[in-house]
Amino acid sequence: MEKEAIIQVRDLVTYYGNRQILKGVNLDIYRGEILVILGRSGCGKSTLLRHLIGLMKPSRGQILIKGRDITTMNEDEMREILKKIGMLFQGAALFNSMTVGENVALPLREHTQLEDSTIQIMTRIKLDLVGLAGFENFKPSQLSGGMKKRAGLARALAMDPEILFCDEPSAGLDPVVAMGIDQLILKLKNAFKMTIVVVTHELASVFTIADRIAMLHEGEIIFQGTAEEIQNSKHPIVQQFLNREADDVEPDREKYLHSLVKS
Amino acid sequence: MLDVSTRDIKKGVIISITGDVDLYSSPEVRKVIIDLTDKKTKNILVDLSSVSYMDSSGVATLVEGLQQVGKYGGKLMLFGLEAAVKEVFELSRLDKVFEIYPDEQTALDHLKK
């Protein structure tokens with residue numbers, strides 16, 4: 001069966017001030033796959049993610065979601081698209097003043113006309129799915145880091161999304177807890193045939209979950225392929241990343257001095 | 001588009017649902033179920049053979065129905081689930097909570113028991 005590109009990024013260029021962050025990114029994301037966007041800190045991967053969920057508009061280029069360009073959409077059109085998109089933020093982004101259950105229920109209360117009784121049952125179903133049954137009345141501050149991530153995931157799943165974006169899902173978690181989150185992401189993909197885009201720099205996670213990997217470096221995609229293909233890649237930056245080699249730092253004394261004393 | 005119709009049978013009512021049951025259409029299903037549970041309908045059989053997609057709001061609506069009939073000792077049974085819909089129930093482990101039958105006749109046979 002022909003693979004369907006549910007997200008198509010075309011020649012995406014963006015600037016922060018004069019600084020070019022994304023330099024013509026082209027990327028297809030296929031329905032039902034887990035695509036990992038890999039790259040070092042500052043490579044532009046979080047910026048790319050922000051564009052994919054419409055939080056930022058590019059300077060140039062297109063992002064087609066199910067064939068429709070979101071870069072030209074108005075707020076109402078974008079809101080409709082976002083209803084079928086779930087997002088797990090890096091810090092889980094739960095509201096601390098609300099209980100876990102209220103956090104999960106929030107998108108449903110805001111975007112649907114469902115009765116409260118229905119929302120309550122849906123919330124419990126989602127919490128059960130992420131292994132947090134019984135934690136409905138806890139406050140986020142009473143949860144561990146891994147549990148917060150799970151709660152964030154339950155909220156991202158509240159509206160039964162077709163596409164799920166995860167920003168650094170295992171950052172700050174110990175390896176065992178991080179593995180638990182990876183297993184959960186795999187379960188969601190298999191169970192709901194969800195398309196999942198994960199932004200990360202955690203290699204262990206990449207090789208566990210990725211169907212395909214796109215590596216971003218200084219605003220450009222320098223590699224696209226499977227986990228096996230990336231390991232065989234001869235690209236020096238890819239190799240450096242996989243082998244966890246530090247940058248060769250040979251300071252230019254003149255330049256360094258100039259940067260310290262320039263007026 | 002969703003269509004929900006009811007048909008009286010000797011021992012209760014059959015609800016036939018046609019279309020996708022999602023966040024926007026499940027309130028319609030809920031209304032029909034709650035109308036019947038308000039009347040304390042003894043047996044409610046839900047025909048899902050013409051439903052190809054159901055999200056968690058649909059599942060939650062049926063759970064609510066089950067909870068309501070439980071209050072007066074009634075029954076809520078499901079039949080005719082397509083594989084994809086059945087999977088949604090299995091994932092949330094609700095296939096163990098509901099009485100699910102392959103077709104109307106089997107569901108009716110169980111009512112006679």
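User: How do you know how confident the predictor is in chain B?
Analyst: Chain B averages a pLDDT of 93, and 100% of the residues score at least 70. The pLDDT is the predictor's confidence in each residue, from 0 to 100. This is a predicted model: local features need pLDDT of at least 70, side-chain atom pairs count only at pLDDT 80 or more, and totals for chains, interfaces and linings use all residues. Residues are numbered from 1 along each chain as written, chains are lettered from A and ligands numbered from 1 in the order written, and side-chain values use heavy atoms, leaving out hydrogens and water.

User: Where in chain B is confidence lowest, and where is it highest?
Analyst: Helix α3 (residues 83-91) of chain B is lowest, at a mean of 87. Strand β3 (residues 43-50) of chain B is highest, at 97. For the complex, the predictor gives an ipTM of 0.92 and a pTM of 0.85.

User: What makes a stretch of chain B a helix or a strand?
Analyst: Both are DSSP runs, numbered from the N terminus: helices are H or I with at least four residues, strands are E with at least two. By that rule, chain B has four helices and five strands. Along the sequence they follow the pattern β-β-α-β-α-β-α-β-α.

User: In which sense do β2(B) and β3(B) pair?
Analyst: Strand β2 (residues 12-18) of chain B pairs with β3(B) in the parallel sense, over six bridges. B:Ile15 has B:Val46 in β3(B) as its bridge partner.

User: What is the order of the strands in the sheet of chain B?
Analyst: The order is β1-β2-β3-β4-β5 in an open sheet of five strands, with mixed pairing. The edge strands are β1 (3-9) and β5 (99-101) of chain B, as each pairs on one side only. From one strand to the next, the twist averages 25°. Angles run from 0 to 180 degrees between N-to-C directions, and axes are lines fitted to C-alpha atoms, for helices over the stretch in contact.

User: Which strands does helix α1 of chain B lie across?
Analyst: Helix α1 (residues 26-38) of chain B lies across β1, β2, β3 and β4 (75-79) of chain B. Its direction is at about 180° to β2(B). Helix α4 (residues 104-112) of chain B also packs on the sheet, touching β1, β2, β3, β4 and β5 of chain B. Contact here means heavy atoms within 4.5 Å.

User: Why does the size of chain B agree with a compact globule?
Analyst: The radius of gyration is taken over C-alpha atoms, and the globule rule is 2.2 Å times the number of residues to the power 0.38. With 113 residues, the rule gives a value near 13 Å; chain B has 13 Å, so the two agree.

User: Why is A:Thr123 called buried?
Analyst: Buried means under 20% relative accessible area, exposed over 50%, and partly exposed in between (1.4 Å probe, protein chains only). A:Thr123 has 3%, so A:Thr123 counts as buried. A:Thr123 sits in helix α4 (residues 116-129) of chain A. Not counting residues up to four places away in sequence, A:Thr123 touches A:Gly101, A:Val104 and A:Ala105.

Conventions:
Pairing = 2+ DSSP bridges.
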